[in-house]
Amino acid sequence: MDLVRHPFHHQLLLFSLISLSYVSGTQFSLPRLGALRRTIRNKLDIESISSLSKDFKTFFYSQTLDHFNYKPESFTSFQQRYVINSKYWGGANTSSPILVYFGAEESLDYDLSGIGFLTDNAPRFKALLVYIEHRFYGKSIPCGSREAALRNASIRGYFTSAQAIADYAAVILHIKKTFFAKNSPVIVIGGSYGGMLAAWFRLKYPHVALGALASSAPILYFDELAPHVGYYAIVTKDFKETSESCYETIRKSWDEIDKVASKSNGLSILSMKFKTCEKLKRSFDLKDFLDSIYSEVAQYDHPPSYPLNIICRGIDGAPKGTDILGRIFAGVVAYMGNNSCYDMNEFNRPNDETYIGWRWQTCSEMVMPIGHENNDSMFPPSPFNLTKFIRKCKSLFGVRPRPHWVTTYYGGHDLKLILHRFASNIIFSNGLRDPYSSGYWRTYQIVLLRYIQ
């Protein structure tokens with residue numbers, strides 16, 4: 001994702017806007033969204049978060065639970081966290097812009113520590129910086145606790161993207177009133193799922209936001225608009241372009257894992273070989289762990305570390321004579337560090353708020369049909385199966401996913417027509433090495449076409 005540190009390219013784009021006034025089992029885990037890499041997020045400890053500049057001031061807004069109904073329970077409120085940095089603010093009299101960052105499927109703390117784009121650009125534009133936390137994440141939890149909120153089927157029903165962007169509209173209007181900033185243009189910004197929210201916000205609330213920067217926002221990865229295999233096809237392409245031998249080793253490793261696992265003590269051998277923290281109960285858990293690593297390094301392969309290069313250097317640089325699985329493990333160590341053991345649930349922690357919250361979101365409206373392909377893919381075949389996905393979600397939450405709702409509510413089909421008639425000033429920025437670009441590259445082409453015509 002490209003909101004972390006790529007200031008110059010976005011400065012030019014932003015200036016143009018302002019001047020215009022998991023389901024596991026036999027199916028592999030769905031790749032997560034989020035502007036920050038999970039391993040980076042986990043390294044942002046509480047101490048580094050609490051030592052944020054005093055320029056960041058935290059506030060809480062008494063937010064309405066249900067924006068779209070008038071039942072008595074709809075008027076229940078919860079405290080929604082938002083953070084303001086007014087260090088560079090030019091003041092309402094100057095009509096300086098307000099840059100609003102949309103929190104997504106994690107605590108706002110991580111974004112405050114890890115996203116540099118807003119603070120990089122604020123001095124130039126004399127901007128007021130606002131960061132708003134997504135409902136049901138971080139400290140913005142209805143019903144007091146996340147566990148209670150998600151256990152309650154009625155309260156859980158208010159955990160939707162439409163409610164979230166309505167929250168953002170309410171907070172933005174509150175801030176504009178508080179700062180007497182009626183004439184200050186608002187630019188909303190988000191990465192990944194947050195980028196989707198930013199684009200959708202500009203479509204639904206054009207009277208609130210002058211423009212949007214939707215960074216790496218796969219708004220077309222719904223309802224058969226993007227190929228199911230698009231994500232993993234790009235992961236494969238990234239590895240193949242980085243190192244043909246690394247790609248070949250990974251491609252051959254899945255059969256090797258199955259071959260070892262088929263032995264009488266095969267799972268014990270694999271557990272020792274990969275130093276798993278707990279003995280493997282099935283080989284799938286190891287394969288899902290590796291699948292998640294390869295997805296993550298491709299999706300978040302930004303400078304200066306270039307994690308994809310790191311893992312391939314580990315695989316290719318293993319001592320001569322090292323077998324296939326030994327080389328794969330060398331790649332794990334290169335990327336994850338030389339640990340005493342490796343947790344196969346590293347990417348699927350049941351107590352992780354992103355895992356819990358995003359599981360509900362994908363089982364309700366955010367149905368992204370991502371699967372493995374055949375052909376020259378470096379991954380074993382594992383096509384997305386909507387029937388199984390629906391069955392699993394019903395067993396978890398008692399509701400059927402609505403795979404067509406996103407395109408019904410926000411649009412998607414005939415996107416060129418939608419953007420031409422109803423949208424302007426939306427920047428869809430991305431890198432083509434990002435696997436999710438298969439869900440937004442066509443959007444970028446459509447937007448570009450519109451301005452060329």
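## Crossing of α8 and α9

A crossing of two helices is called right-handed if the near helix is turned clockwise from the far one by less than a right angle, and left-handed if the turn is anticlockwise. In this predicted model, α8 passes α9 in a right-handed crossing. The contact draws on Ser 161, Ile 165, Tyr 168, Ala 169 and Ile 172 from α8, and on Tyr 193, Leu 197, Trp 200, Phe 201 and Lys 204 from α9. By class, the residues of this contact divide into eight nonpolar, one polar and one charged.

The two helices pack at an angle of about 70°, and their axes lie 10 Å apart. Because angles of 65 to 115 degrees count as roughly perpendicular, α8 is roughly perpendicular to α9.

## The two helices

Helix α8 covers residues 161–178, and at 1.5 Å a residue its 18 residues should span 26 Å, which agrees with the 26 Å between its end C-alpha atoms. Since 14 of these 18 residues are buried, α8 is largely enclosed by the rest of the structure. After α8 comes Phe 180, with a positive phi near 50°.

Helix α9, residues 193–204, has twelve residues that should span 16 Å at 1.5 Å a residue, in agreement with the 16 Å separating its end C-alpha atoms. Ten of the twelve are buried, so α9 too is largely enclosed by the rest of the structure; among the buried residues are Tyr 193, Leu 197, Trp 200 and Phe 201.

## Pro 307

Pro 307 is found in helix α14, which comprises residues 307–316, and with a relative accessibility of 1% it counts as buried. Its C-alpha atom is separated by 5.4 Å from that of Val 297, a residue ten positions away along the chain.

Methods:
Residues are numbered from 1 along each chain as its sequence is written. This is a predicted model: local features need pLDDT of at least 70, side-chain atom pairs count only at pLDDT 80 or more; totals for chains, interfaces and linings use all residues. Side-chain values use heavy atoms; hydrogens and water are left out. Helices (H or I, at least four residues) and strands (E, at least two) are DSSP runs, numbered from the N terminus. The expected span of a helix is 1.5 Å times one less than its number of residues. Buried means under 20% relative accessible area, exposed over 50%, partly exposed in between (1.4 Å probe, protein chains only). Axes are lines fitted to C-alpha atoms, for helices over the stretch in contact, and angles run from 0 to 180 degrees between N-to-C directions. Angles under 35 degrees count as roughly parallel, over 145 as roughly antiparallel, 65 to 115 as roughly perpendicular and the rest as oblique. Contact means heavy atoms within 4.5 Å. Ala, Val, Leu, Ile, Met, Phe, Trp, Tyr, Cys and Pro count as nonpolar, Asp, Glu, Lys and Arg as charged, and the others, Gly among them, as polar.
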